[in-house]
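The sequence and the structure come first.

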Amino acid sequence: MTQEKLASAAAPAVAEPPRVWTRRHLLDVDDFTPAELEAVMQTTDAMKEVMGRDVPRVPALRGKTIVTLFYEASTRTRASFELAGKALGADVINISAGGSSVEKGESLIDTVRTLQAVGADVLVMRHWAAGAPYLVAKHLVAAVVNAGDGAHAHPTQALLDLYTIRNHLGDVRGRRVVIVGDIEHSRVARSNIWALSAVGAEVVVCAPPTLLPIAIRTPAAGRGSSPNGDSREGLALPPVRVETDLDRALEGAEVVMTLRLQKERMLGGLLPSLREYATLYQLNEERISRARTGALVMHPGPMNEGIEISPGLASSLQSVIEEQVTNGVAVRMAVLYLIARGAKA
Amino acid sequence: MAELALSLQRGGFSLTGPIPLDGRVILSADDIRRAVRRIAHEIVERNHGLSALALVGMHTRGVPLAHRLAQAIRDFEEESVPVGELDIGLYRDDIPSLELRRRLQRTEMPVDIDGWRVVLVDDVLYTGRSIRAAMDALTDFGRPASIQLAVLVDRGHRELPIRPDYVGKNIPTAMQESVEVLLEETDGRDEVRIMRMEGEV
């Protein structure tokens, strides 16, 4: 690919590809080049091999300290970052906002500066405010990995989703991937739209109009316009096809990713009832038959079975939901390895 | 200095580093072919056959060399030797920024190496630090009966108590020189040459 092309174009026969990884932080995948995504995928392959060993541990990050700082609840993201750090031989410290000095009113910046002062090389953070990791990155020498910020971005989820899809489909270019559910409030959807678009997948988003972001763009409608009639350049996502009818969206789909419906959305008056949502937007055995045979069923978790996905489909052979979790550890090992090897170098 | 020379030996040219001046050819394609055949014979002779013997090539250029050795052994013994590959990126204790230039490659052991005689194969033996890392990696996979080392070129300047069991050619070098191994599989042709560096090393 790019690597081979560059290698053969360079004059000395042994010239190796230029550094593909120059990032100090992982904040989002919105500016990732295909070569960078490829670097993460290839590194993840190596990490999968480590995970398959009897003793899944290597000394790659020995002596590094990774701190996970979570201002929001999390099971799989936090656990997989911790396991990933430990498998690479790093020391991992977990801090939750509850039970820390945050409860005494310490500011975000003071908290992260303190963590850096006690020796953190990498800070993995999740925060309810979009953009929080960007602010933190400006104030730290340590590397920052975004583990989810508000409704903005969840880069490692997008990377593990891409890895899982590639494992099954190979080249993702031109493949149709449908993302169904609460797109508006979903950082998973946003990061996935960026990553999938970068590698040339055809992305279709499907949601009730009230759960579509105003910044969504469709190729047909041109730049910055949306079914909601709004146009704001700065908020633009890459162009995707937008459908409000799930059956139509599923036609020709090779991957269907459904998102958790946050029940609190109901209180905001965005949905008439859970039952109506489940009737129109639930991914179930009958609906999936409209997609390509054997289409992959994905969910970032945690699931509300019976609402956005039927229990039967979630545990069917088409479902790769558990695989996503397993791949999550390998992808986070890859990210921590790439980031921490450069940190404080 | 060692770091820069090493970076060139590994092929990572940097824009600010020294510039290679002349390239003197040390081994031609024929020389390489003969060296590989001889080492293949030595491996079989030293181990009294092929039982519980595996070759493990170290990325990048040790891997094609290991496959060539296995092919050579197959040619005269009419028996196959399992060949594995090893990336030591996760075991290195030095030059972190350089590692980022090279992506992690596949690691695969062909057998459960417990009780096997494992021959590590690499292109150039220099400080010995890569071999140290490779031995750490191998012992994470099991407890081989023995670990032996085959290299195409030994250029000296060891920093650790490590010696090769099989050598294609000993090439005395200065620290400011670098040894470049080109192989058909990775570089389009077979050649070993020595390069002298200009500039601050």
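Leu317(A) counts as exposed because it has 7 C-beta neighbours inside 10 Å; the cut-offs are 12 or fewer other C-beta atoms within 10 Å for exposed, 20 or more for buried, and partly exposed in between, with C-beta atoms placed from the backbone. Leu317(A) sits in the loop between helix 11 (311–314) and helix 12 of chain A.

The model is predicted: local features need pLDDT of at least 70 and side-chain atom pairs pLDDT 80 or more, while totals for chains, interfaces and linings use all residues. Residues are numbered from 1 along each chain as its sequence is written, and chains are lettered from A and ligands numbered from 1 in the order in which they are written.

**Nonpolar core**

The largest nonpolar core has 160 residues, and Leu123(A), Val256(A) and Leu69(B) touch the most other members. Such a core is a set of buried Ala, Val, Leu, Ile, Met, Phe, Trp, Tyr and Cys residues joined through C-beta atoms within 7 Å. Helix 12 (residues 321–342) of chain A gives the largest share, 12 residues. The core lies between domain 1 (2–150 + 326–342) and domain 2 (155–314) of chain A, because both give residues to it; the domain bounds come from an automatic or database domain assignment.

Contact here requires C-beta atoms, placed from the backbone, within 7 Å.

**Strand 5 of chain A**

Strand 5 (residues 176–180) of chain A is largely enclosed by the rest of the structure, because five of its five residues are buried. On one side lie Arg176(A), Val178(A) and Val180(A), on the other Val177(A) and Ile179(A), all of them buried. Helices (H or I, at least four residues) and strands (E, at least two) are DSSP runs, numbered from the N terminus. Two strands pair if DSSP finds at least two bridges between them.

| Strands (chain A) | Bridges |
|---|---|
| strand 5 and strand 6 (residues 202–206) | five |
| strand 5 and strand 8 (residues 255–258) | four |
| strand 3 (residues 122–127) and strand 4 | five |

Val180(A) has Cys206(A) in strand 6 of chain A as its bridge partner, and Val177(A) has Val255(A) in strand 8 of chain A. Strand 5, helix 7 (residues 187–198) and strand 6 of chain A form a right-handed β-α-β unit: with the strands pointing away from the viewer, the path from the first strand over the helix to the second runs clockwise.

**Four-stranded sheet of chain A**

An open sheet of four strands in chain A has the order 2-1-3-4 and parallel pairing. Its edge strands, each pairing on one side only, are strand 2 (91–96) and strand 4 (143–149). Neighbouring strands are turned by 15° against each other on average, direction ignored. Met125(A) has Asn146(A) in strand 4 of chain A as its bridge partner. Helix 5 (residues 132–139) of chain A lies across strand 3 and strand 4 of chain A, at about 170° to strand 4. Axes are lines fitted to C-alpha atoms, for helices over the stretch in contact, and angles run from 0 to 180 degrees between N-to-C directions.

**Chain B**

Chain B has six helices and eight strands. Of its 201 residues, 46% count as buried.

Definitions and conventions
Contact = placed C-beta atoms within 7 Å.
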